[in-house]
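Good morning, and thank you for joining this meeting.

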Amino acid sequence: MTGKTGEARQNQAIQVLRGVAALLVVIGHAIHETQAMGSALGRAPLDGSLLRWSTGVDIFFVISGFIMVYSSTQLFERPGGWRSFLWRRFVRIVPLYWLLTTLLLLGALVAPRLLNVPIDDWRHVLASYLFIPSLRAPGEIRPVMALGWTLNLEMFFYVLFACTLALPMRLAVPVLTAILAVLAGVGLAFEPTQVQLAFWTQSIILEFAFGCLLALAYLGGLRLGAPTALVLACAGMAGLVQWPALADQQWPDALRWGVPALMIVSAAALHRGASAARGRPSRLLGVAVLLGNASYSLYLVHPFVLRPLRNLWTQAIGDALPLTAYVVVATAASCVTALLLYRYAEQPLLRAMRSRRPEGAGEREARSPLPAQRSLRTTT
């Protein structure tokens, strides 16, 4: 795939996949809400056990590793590259997360039963803002906003990534992969009980390495034809199914769920057929890309929609409609809310923070622009 058209198409494939990954998480959480609804209404909850919906997170992690390498090619071996990298990550991740965490804390104070957020003490709240793993409840290493655990792991990966930027890219990625493999090996072999060490040595940390290695393959020119990409994508999707025959297999999560996620991301990233596309993208594709752009907002905001809507649905609609209707409506409402949040909060925050970038950063980046074949942009 060469040229700007091909890269734009490839960007669309990754963005669409980000939207799909976020939707998997949202649908899985909406199905989970039907357990409480079923108990309140005297109905059987929906059975969503066919798929592991949280594999959307595994897909996110692989995409993150891929994009971090791809979008940072000009930062390797550059003086101060680590600083530019961490600033970009801070701008992209932190403001919206801090905003919603604050709203969640305020909601817990005003209407604690509405969102049912367990608040331990000020140390846990501070750790949540600083992306430090801490116990929210016994045996539960989660921040105030529970799904922020993924961002805690992302931030740890970013720090490790920044430490390797002093090396050439071809050396940095193997070194980073080795570090992540050692951490995962420590977790599997010793099962540490210290909170931060236990969190940072989960096997799923290897999924970032999968994405980094995939980026090296992409930058090295590896491409897949449509038949191969389709087979790879189908194999990955089949891997999302919780097959009964595999239920008793004690595989590390990075292998059981990370490998199917890698297959799916590889099919999207390496498919070379997109460069042959002609004409304007369809309206459906445009909507899918837009949802992918707003996937971070969708991931963060959907709990603010699902729980209140569950309570409202139980009281106002009851058993007049099947619980499947709740999942459909809740998912659609989450998407609409995320698009509004993306338009009126996430994008303005990004613009405001990027205007405050460290002095001289813009000049340095202007002197070392990415070559055309590496012009892929993403909101990851």
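Helices α2 and α6, residues 149-163, pack at an angle of about 25°, and they are therefore roughly parallel to each other. By the convention used here, angles under 35 degrees count as roughly parallel, over 145 as roughly antiparallel, 65 to 115 as roughly perpendicular and the rest as oblique. The axes of α2 and α6 lie 12 Å apart. Axes are lines fitted to C-alpha atoms, for helices over the stretch in contact, with angles running from 0 to 180 degrees between N-to-C directions. Helices are DSSP runs of H or I with at least four residues, strands are runs of E with at least two, and both are numbered from the N terminus.

The model is predicted, with local features needing pLDDT of at least 70 and side-chain atom pairs counting only at pLDDT 80 or more, while totals for chains, interfaces and linings use all residues. Residues are numbered from 1 along each chain as its sequence is written, and side-chain values use heavy atoms, with hydrogens and water left out.

To return to the pair, α2 passes α6 in a right-handed crossing; a crossing is right-handed if the near helix is turned clockwise from the far one by less than a right angle, and left-handed if anticlockwise. On the α2 side the contact (heavy atoms within 4.5 Å) is made by Val57, Phe60, Phe61, Ser64, Gly65, Met68 and Val69. From α6 come Trp149, Thr150, Leu153, Glu154, Phe157, Tyr158 and Phe161. By class, this contact of α2 with α6 has 10 nonpolar, three polar and one charged residues. Here Ala, Val, Leu, Ile, Met, Phe, Trp, Tyr, Cys and Pro count as nonpolar, Asp, Glu, Lys and Arg as charged, and the others, Gly among them, as polar.

How does α2, residues 55-71, pack with α12, residues 258-270, and at what angle? The angle is about 50°, with the axes of α2 and α12 8 Å apart, and α2 and α12 are therefore oblique to each other. Their crossing is right-handed. Asp58, Ile59, Val62, Ile63 and Phe66 in α2 meet Gly258, Ala261, Leu262, Ile264, Val265 and Ala269 in α12. That contact divides into nine nonpolar, one polar and one charged residues.

The next pair is α3, residues 81-110, and α15, residues 323-354, whose axes come within 10 Å and cross at roughly 135°. That makes α3 oblique to α15, and the crossing is right-handed. Among the contact residues are Trp87 and Phe90 of α3, and Leu341 and Met353 of α15. The classes in this contact are 11 nonpolar, no polar and three charged.

Which residues line the second largest cavity? They are Val91, Arg92, Pro95, Leu96, Glu346, Leu349 and Leu350. α3 gives the most to this lining, with four residues. A cavity is a set of points on a 1 Å grid over the protein atoms alone where a 1.4 Å probe fits but cannot get out, a pocket is an open set with protein on both sides within 12 Å along at least five of seven lines, and lining residues have an atom within 4 Å of a point. The second largest cavity holds about 30 Å³ of space.

Finally, the largest pocket has a volume of about 1,300 Å³, a volume being the space filled by probe spheres set on the points, which are joined across faces, edges and corners. Of its 47 lining residues, the closest to the centre are His29, Arg142, Ala146, Leu147 and Trp149. α1 gives the most to this lining, with seven residues.
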